[in-house]
Number of protein chains: 2
Amino acid sequence: MQSMTAYENLEKHFRRLGDLQHVGAIVSWDEAAMMPVGGGESRGDAMATLSVVVHEMLTDPCVGEWLDESDGLNDLSAWQTANLREIRRSFDAATAVTADLVRAKSLATARCEQAWRVARAANDWATMAPLLETVIGLTREEAAMRAAANGLDPYDALLDTYEPGMRAARVAGVFGELKGFLPEMVGEIIDAQKSLPATPITGEFSEESQRQLGLAMMKTLGFDFDRGRLDVSHHPFCGGVPDDVRITTRYRTDSFAESLMAVLHETGHAMYEQGLPVEWRGQPVGEALSMATHESQSLLMEMQACRTREFMQHMTPSAHAIFLGGASTDPVWSSENLYRLCTRVERGFIRVDADEVTYPLHVILRFEIERALIGGSLTVDHLPEAWDEKMQAYLGLDTQGNYADGCLQDVHWQAGLIGYFPTYSLGAMTAAQLFAAVRRALPDVMSNIAEGDFTALLAWLRANIHSQGRRLNFDELLTAATGQPLTVAPFRAHLQSRYLASD
Amino acid sequence: MQSMTAYENLEKHFRRLGDLQHVGAIVSWDEAAMMPVGGGESRGDAMATLSVVVHEMLTDPCVGEWLDESDGLNDLSAWQTANLREIRRSFDAATAVTADLVRAKSLATARCEQAWRVARAANDWATMAPLLETVIGLTREEAAMRAAANGLDPYDALLDTYEPGMRAARVAGVFGELKGFLPEMVGEIIDAQKSLPATPITGEFSEESQRQLGLAMMKTLGFDFDRGRLDVSHHPFCGGVPDDVRITTRYRTDSFAESLMAVLHETGHAMYEQGLPVEWRGQPVGEALSMATHESQSLLMEMQACRTREFMQHMTPSAHAIFLGGASTDPVWSSENLYRLCTRVERGFIRVDADEVTYPLHVILRFEIERALIGGSLTVDHLPEAWDEKMQAYLGLDTQGNYADGCLQDVHWQAGLIGYFPTYSLGAMTAAQLFAAVRRALPDVMSNIAEGDFTALLAWLRANIHSQGRRLNFDELLTAATGQPLTVAPFRAHLQSRYLASD
C-alpha cells in the first residue's frame with residue numbers, strides 16, 4: 001500500500017541517522033586533528049560501536065518496508081523523489097554485504113593499514129603482500145556480493161559506491177583518451193618550461209604566519225568561518241558537517257606553497273559542503289553528489305582558479321606582508337615566479353606530489369591495476385611488476401625494488417578502497433569542464449580573481465553545483481551546468497592553454 | 001533464573017553504551033572548545049539524537065530482565081557485584097522519569113539558559129522569573145517521579161543523582177557546623193591578612209606564555225599528555241574520557257593567576273579520570289564515584305597542594321622565566337607575594353570568584369534556597385528576597401536589585417541542576433580530609449611539592465581514590481582512605497592553620 005506516512009517515516013529515520021553521522025564526522029576529525037596518541041584504542045572502540053549503531057539503523061527492516069510502501073508515490077516533489085531514490089541507494093548498498101564480511105574486512109584493513117605504516121618506511125613488500133592479499137580477497141568477496149545485489153560487474157559494483165552511475169568501461173574510454181596525448185604532452189611541457197625558469201623561494205616560514213596566509217586566502221575564496229575551521233593534521237582533509245566544516249593542512253617551515261595549495265584545495269571541498277541545500281540537511285538528497293563531484297570543487301579552486309597568474313597577483317602582496325613584513329620587488333618573490341613555481345611540471349614517483357599534468361597518469365595506472373586485481377587477471381604478488389611496467393610506460397620511471405615510492409606509496413588499497421582512485425581524475429576533468437562554463441558565463445571571472453573577488457564564481461558554483469545536492473545524477477548535473485556530460489576536451493584545452501600556449 | 005550470561009550481557013550492553021557516551025563526551029568538548037557559532041543548531045540536534053539513542057539503550061527492557069536474572073548471583077567478584085549495583089542504579093535512575101518529562105525539561109532548560117545569557121547581562125529578573133518558574137516546576141515533577149521510584153524525599157532524590165547516598169539532612173548538619181564558625185572566621189582572617197599585604201602583579205601576559213606555564217605545571221602535577229589536552233573555552237572544565245581527558249581554561253592578558261589556578265584545578269579533575277581503573281573502562285563501576293569525590297580531587301590539587309608556599313616556591317622560577325625572561329628579585333614577583341595573592345580572603349558577590357573560606361557560604365545559601373524551592377516553602381518570585389536575606393546574614397552583602405551579581409549569577413538552576421551545588425563544598429571538605437590523611441601517610445609531601453615532585457602524592461591518590469572507581473560508596477571510600485567518613489574538622493583545621501596560625 002502506497003503511503004505518504006511511510007515516506008515521512010523515512011525522512012525522520014534518516015534525519016536521526018544524519019545526526020549520528022554528524023557526531024561521527026566530528027569525532028573522526030578530532031581523531032585526526034586533536035586526539036592525543038593514548039586515546040587511540042578506546043576511540044577506535046567508540047567509533048566502531050557508533051558505526052555499528054549507524055549500520056543497524058540504516059539496515060533496519062522497517063526501512064525496507066517504508067521504501068516499499070513509498071514506491072511509486074505520486075504526490076512527492078522532485079526533491080522528495082530524489083531523496084527516496086538516494087535512501088533506496090543507501091539501503092541497498094548497506095544491505096548488499098553481509099555483517100560477517102563487513103567485520104572481516106574491517107579487521108583485515110585495520111591490520112593492513114597499521115602494517116603499511118611500518119612497511120612503507122622500510123620498503124618492505126614481503127610483509128605487506130600477504131596482508132594486502134587478504135584485503136583484496138575480501139574486497140573481491142564484497143564486489144561479488146554487491147554485484148549479485150545490483151546486477152553490475154564486480155569492479156563496477158565497487159566503483160558505483162564512490163561514483164554512482166559511473167562504469168569502468170566509460171572510465172577506461174576517458175582514460176584511454178588521456179593516455180593518447182598525456183605522455184607526449186608531458187614531454188612537450190617540460191621542454192617548454194625550460195625557457196620559463198622558476199626560482200625556489202627559501203627561508204623560514206613559521207606555522208603561525210602560514211596559517212595567517214591560509215586564513216586570509218580562505219576568506220578571499222569565500223569560506224564561511226562562522227561554519228568551519230582550519231586546523232592541522234598529518235594529511236590535509238576536509239571533514240565535519242555542512243554547518244561546521246573542518247579543513248586541515250600541514251606546515252613545513254622551509255616552504256609555504258604546499259600548505260597554501262592544500263588550504264585552497266580543501267577550501268574548495270569545504271565550500272561545496274557549506275553550499276549544500278539547507279532545507280535538506282540530514283537527508284541523503286542533501287549530501288554531496290559523488291567523489292568526482294567533490295574533487296571537482298577542490299580542483300576547480302586549486303587548479304583552475306588559484307594556480308593562475310591572476311590569483312598569484314592577488315595573493316602575492318599578502319605573502320609579502322606576512323612573510324617579509326612589507327612589499328618586495330625581489331624577483332624571486334614576484335607573482336610571476338610564484339605562478340611558475342606553482343605550475344611546474346615534472347615526472348615523479350609520488351601521486352600526491354604530482355602536478356596536474358602528470359597526475360592522471362598516476363591515477364590511470366592505479367585504475368588499471370585495481371580493475372585487474374578485482375577482475376582476477378592480476379594477483380597481489382605480481383602487483384609490483386605491473387606497477388613498474390606501467391610507470392615505465394606512462395612516466396618513464398623505474399620503480400623496480402623501490403616499493404616505498406612505488407606500489408606502497410598510497411594506503412587506499414590497504415584500506416580496502418578499490419574504485420576510489422578514478423574519481424580523482426574524473427574530478428580534475430569535471431573541474432576543467434565546469435571552469436570553462438564559468439568563463440563563458442562570467443567573462444570577467446579571471447580579472448575578478450586578480451582582484452581577490454570570488455563572489456561571482458562562488459555564486460555560480462552555489463547555484464549550479466552546491467545547492468543541487470543529489471537532486472540530479474552526475475551526467476544530469478554536468479549537462480545542466482555546462483551543456484554536456486563529462487568530456488575530455490576542456491581538460492585537454494586547459495592544459496594546452498596553460499602550459500603550451502605561447503605567452 | 002539466575003544467570004552469569006545475563007551479567008555478561010549487561011557488561012556487553014554497557015560497554016556499547018560507554019562507547020556512545022565516549023563519542024558524546026568528545027563532541028560536547030568540541031562544542032565548548034572548537035565549534036564555530038554557526039554549527040550550533042545542527043550540533044544541538046545531533047547531540048539530542050545521540051542522547052535519545054543512549055537513553056533508549058539504557059532503558060531497554062532487556063536491561064531490566066538481565067538485572068533480574070543477575071540478582072543474587074553468587075559467583076561474581078567484588079568488582080562485578082559493585083558493577084551490577086551501579087548498572088541497577090543507572091537503569092533505575094533512567095527509568096524513573098517519563099520520556100515526556102525529560103523532553104519537556106530539556107526544552108524548558110534550553111530556553112531558560114538562552115534567556116539567562118541576556119537576562120544576566122541586563123540585570124533583568126522580570127524576564128527570567130517565569131522561565132525559571134517553569135524549569136523549577138518541571139524539576140519538582142522530576143523530583144516527585146524519582147522520589148516515587150526510590151522512596152526518598154523529593155530533594156534527596158535529586159541530590160542522589162549527583163551524590164549517591166547523600167541526604168539533605170546530613171548536608172544540613174554539615175553545613176550547619178560550617179555556618180557556626182565560618183562567618184566569624186572570615187572576619188578574623190580578613191583582619192589577620194591586613195598585616196600580610198599582597199601586591200597585585202601588573203603586566204601583559206600573552207595567552208601563549210600563560211599556556212606554557214599551565215602546561216609546565218600540569219606536567220609537574222602528573223597530567224599524562226599522551227592521554228589528554230589543554231585548550232581554551234569560555235568557562236574552564238574537564239571533559240573527554242579517561243584515556244583522553246580534555247581540560248580547558250581561559251586567559252585574560254592582564255593577569256595570569258586566575259588561568260593558572262583554573263588549570264591546576266582542572267588537572268586535579270583530569271588526573272582522577274586518568275587514574276580510573278583501566279580494566280573497568282566503559283563499565284559503570286569504572287567511572288568516577290560522585291560529584292563531591294570529583295571536586296575533592298580538583299580542590300585537593302588546587303587548594304591543598306598548590307595554593308601553598310611550597311608550591312609557589314616551585315612555580316615562581318618558571319613564572320619568572322616565562323613572563324620575565326629570567327630570574328627576578330622583585331618582591332612583587334616573590335613566591336611569598338604570589339602565595340599571598342593566591343590566598344587572599346574577601347567577602348564578594350560571586351561564587352566562582354570566591355576564595356576557599358567564603359566559598360562554602362555561597363554554597364550553603366544556594367543549598368538552602370534550592371531545598372526550599374523543591375520542598376515548596378519558597379516560590380521563584382520570592383527567590384531574590386531569600387537570596388538577599390542570606391547574603392546579608394552570611395557575608396554581610398546587600399544584593400537588593402542587583403540580580404546579575406545575585407540570584408542570576410549562576411546558570412545551574414536555569415539548567416535544571418538542583419542538588420548539584422552542595423557537592424562543591426562537600427568536595428572541599430573531602431579534599432581537606434584526604435589531604436590530612438596524605439600528610440600523615442607522606443610526611444615529606446610538602447617538601448616534595450616545594451621541589452615540584454608530586455609523584456608520591458599522585459601515587460597515594462591513585463591507590464586510594466582513582467583506581468577504586470565506584471567499587472566502594474562515598475563513606476566506605478573515605479573511611480578506607482582516611483579512617484572515618486566525612487567530617488568537618490579537617491576542613492576547619494586547614495583554614496585555621498593556613499589563615500590564622502601565626503607564622
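## A three-stranded sheet in chain A

Let's start with the sheet: in chain A, three strands form an open sheet in the order 1-3-2, with mixed pairing. The model is a predicted one. Strand 1 (228-232) and strand 2 (238-241) of chain A are the edge strands, each pairing on one side only. From one strand to the next, the twist averages 20 degrees.

If you look at strand 1 of chain A, you will find that it pairs with strand 3 (residues 244-249) of chain A in the parallel sense, over five bridges. Here A:Val232 stands opposite A:Thr249 in strand 3 of chain A. Helix 10 (residues 257-274) of chain A packs on the sheet and touches strand 1, strand 2 and strand 3 of chain A. The direction of helix 10 makes about 165 degrees with that of strand 3 of chain A.

## Two helices side by side

Further along chain A, the axes of helix 16 (residues 422-441) and helix 19 (residues 474-482) come within 9 Å and cross at roughly 30 degrees. Because angles under 35 degrees count as roughly parallel, helix 16 of chain A is roughly parallel to helix 19 of chain A.

Helix 16 of chain A brings A:Thr430, A:Gln433, A:Leu434 and A:Ala437 to the contact, while helix 19 of chain A brings A:Leu478, A:Ala481 and A:Thr482. Of these contact residues, four are nonpolar, three are polar and none is charged.

## Where the chains meet

Now for the two chains together: 32 residues of chain B are in contact with 32 residues of chain A. On the side of chain B that touches chain A, helix 1 (4-33), helix 2 (40-58) and strand 1 (228-232) of chain B each supply at least two residues. That side of chain B has 13 nonpolar, six polar and 13 charged residues.

Notes:
Residues are numbered from 1 along each chain as its sequence is written. Chains are lettered from A and ligands numbered from 1 in the order in which they are written. This is a predicted model: local features need pLDDT of at least 70, side-chain atom pairs count only at pLDDT 80 or more; totals for chains, interfaces and linings use all residues. Two residues are in contact if their C-beta atoms, placed from the backbone, lie within 7 Å. Helices (H or I, at least four residues) and strands (E, at least two) are DSSP runs, numbered from the N terminus. Ala, Val, Leu, Ile, Met, Phe, Trp, Tyr, Cys and Pro count as nonpolar, Asp, Glu, Lys and Arg as charged, and the others, Gly among them, as polar. Axes are lines fitted to C-alpha atoms, for helices over the stretch in contact, and angles run from 0 to 180 degrees between N-to-C directions. Angles under 35 degrees count as roughly parallel, over 145 as roughly antiparallel, 65 to 115 as roughly perpendicular and the rest as oblique. Two strands pair if DSSP finds at least two bridges between them.
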